[in-house]
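Hi,

Here is the structure I promised to pass on to you. Have a look at it first, and then read my notes below with the structure open beside them.

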Amino acid sequence: MTVTAYTVPRVAPGFRLQWEPAQDCHVLLYPEGMVKLNQSAGEIMKRCDGEKPVAAIVAELEQAFNAQGLQPDVIAFVEMAGKQRWLAWT
């Protein structure tokens with residue numbers, strides 16, 4: 001399924017996103033292990049709540065980090081995270 005500005009991503013079943021102080025980063029936990037996320041990935045993932053579309057996530061990120069033009073990067077990350085089965089959407 002192609003990701004668009006209207007896609008509403010959520011953390012996929014079987015995964016849990018949390019801040020890990022020992023790692024000083026967000027991590028994605030699953031029964032077989034853990035994925036350490038870089039700052040950008042963590043900021044995107046924590047906004048994937050199954051309620052906001054990608055366009056709203058982009059707007060939040062652009063405001064939070066005083067940046068513009070993040071949509072292509074956010075869409076690329078959401079697509080990659082979908083292929084890894086970290087994120088899901090309908």
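**Strands and hairpins**

Strands β3 and β4 (residues 33-36) run antiparallel to each other and pair over 4 bridges. Please keep in mind as you read that this is a predicted model. The link from β3 to β4 is a hairpin with 2 residues in it. To see one of the bridges, find Val-27: its partner in β4 is Lys-36.

Now look at what else pairs with β3. Strand β2 (residues 16-20) and β3 (residues 25-30) are also antiparallel, with 5 bridges between them. Here Val-27 turns up again, this time as the β3 bridge partner of Gln-18. The hairpin of β2 and β3 has 4 residues between its strands, and Asp-24 there has a positive phi near 55°.

In soluble globular proteins, nonpolar side chains tend to be buried together. The largest nonpolar core in this model has 20 residues, and those touching the most other members are Ile-44, Met-45, Val-74, Phe-77, Val-78, Trp-86 and Leu-87. Helices α1 (39-45), α2 (54-64) and α3 (71-83) each contribute at least two residues to this core. Which helix gives the largest share of the core? That is α3, with 5 residues.

Leaving out residues up to four places away in sequence, Trp-86 touches Arg-10, Val-11, Ala-12, Phe-15, Leu-28, Val-35, Leu-37, Met-45, Phe-77, Met-80 and Ala-81. Among these contacts, Met-45 and Phe-77 are also on the list of core residues that touch the most other members.

Enjoy exploring!

Best wishes

Conventions
Residues are numbered from 1 along each chain as its sequence is written. This is a predicted model: local features need pLDDT of at least 70, side-chain atom pairs count only at pLDDT 80 or more; totals for chains, interfaces and linings use all residues. Side-chain values use heavy atoms; hydrogens and water are left out. Two strands pair if DSSP finds at least two bridges between them. A nonpolar core is a set of buried Ala, Val, Leu, Ile, Met, Phe, Trp, Tyr and Cys residues joined through side-chain atoms within 4.5 Å. Buried means under 20% relative accessible area, exposed over 50%, partly exposed in between (1.4 Å probe, protein chains only). Contact means heavy atoms within 4.5 Å.
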